[in-house]
Amino acid sequence: MKVKTNILVINGTSTSGKSSVAKSLMKLNPNLIEEDLDLMRNPTTPTTPEMEFVMINNAIDHVLKGKQVILHLFHPYNLSKCMTARGIEDISVKKVLMFCPIEGLVDRLDERNSKALKVDAQNTRDYLMPFDQFSKLYTKTLEKQMALETLSLEKVTKIYGDQFD
């Protein structure tokens, strides 16, 4: 029996393609509701844990009303915390980790910021944010584990030198 997914959690660094995937899914199913802090706040306002919990609870409320939700989360375990705190066990959740190679983040960020400057300069992203997020999402693997990407000090230094003055 196929189980209906109530919440699709999209996790990844800034500029990894989460919004593009969400837009494509919403074209396939216009009834999906998107919950994303970037859509809820002024881009110059830093995100707080409280803001994330409000968004998560909004998503849960939508599901309890029979809706399906795409939820952008940097900390997916906070969804579990909210569901546990509310005594909810019967919401089906799927999680997707978006990955963009570190070299691609710089190019995507350039493109994103160029577009934002034409429309709304406040919607630009700090160039260091995706790299900070990358370091928190993707960790060192053990020798025999599969890796998404292998980074060395030399590779990171080269990327930095190629992209920044």
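How many bridges join S1 to S3? I found four, and the two strands run parallel. Strands here are DSSP E runs of at least two residues, helices are H or I runs of at least four, and both are numbered from the N terminus. I count two strands as paired if DSSP finds at least two bridges between them.

**Ground rules.** I am working on a predicted model, where local features need pLDDT of at least 70, side-chain atom pairs count only at pLDDT 80 or more, and totals for chains, interfaces and linings use all residues. Residues are numbered from 1 along each chain as its sequence is written, and side-chain values use heavy atoms, with hydrogens and water left out.

**Overall layout.** I listed seven helices and four strands in the chain. From the N terminus on, I read the order as β-α-β-α-α-β-α-β-α-α-α. Buried residues make up 35% of the 165 residues. Buried means under 20% relative accessible area, exposed over 50%, and partly exposed in between, with a 1.4 Å probe and protein chains only.

**Sheet.** I traced an open sheet of four strands, ordered S2-S3-S1-S4, with parallel pairing. S2 (33–35) and S4 (93–97) are the edge strands; each has a single partner, so one side of each lacks a neighbour in the sheet. The twist averages 20 degrees from one strand to the next. Axes are lines fitted to C-alpha atoms, for helices over the stretch in contact, and angles run from 0 to 180 degrees between N-to-C directions. I noted Ile7 opposite Val69 in S3. H4 lies across S1, S3 and S4, and runs at about 165 degrees to S4.

**Cores.** I took a nonpolar core as a set of buried Ala, Val, Leu, Ile, Met, Phe, Trp, Tyr and Cys residues joined through side-chain atoms within 4.5 Å. The largest has 16 residues, and those touching the most other members include Ile7, Ile60 and Ile91. Strand S1 (7–11), helix H3 (49–64), strand S3 (69–72) and helix H4 (77–85) each supply at least two of its residues. H3 gives the largest share, five residues. A second, separate core has seven residues, among them Cys100 and Phe131.

I then looked up Ile91. Leaving aside neighbours within four places in sequence, Ile91 is in contact (heavy atoms within 4.5 Å) with Asn6, Ile7, Ile60, Val63 and Met83.

**Leu37.** Is Leu37 buried or exposed? I have Leu37 as buried, at 9% relative accessibility. Leu37 sits in helix H2 (residues 37–40). Beyond four places in sequence, Leu37 contacts Thr47, Met51, Glu52 and Met55. I get 7.5 Å between the C-alpha atoms of Leu37 and Met51, which are 14 residues apart along the chain.

**Thr15.** Thr15 is not a glycine, yet I find a positive phi of about 75 degrees. Thr15 belongs to the loop between S1 and helix H1 (18–28). Thr15 is buried, with a relative accessible area of 7%.

I put the volume of the largest pocket at about 1,200 Å³. A pocket is an open set of points on a 1 Å grid over the protein atoms alone, where a 1.4 Å probe fits, with protein on both sides within 12 Å along at least five of seven lines; lining residues have an atom within 4 Å of a point. Grid points are joined across faces, edges and corners, and the volume is the space filled by probe spheres set on the points. Of the 41 lining residues, Ser14, Lys18, Asp38, Arg112 and Arg125 are the closest to the centre. H5 supplies the largest share of the lining, six residues.
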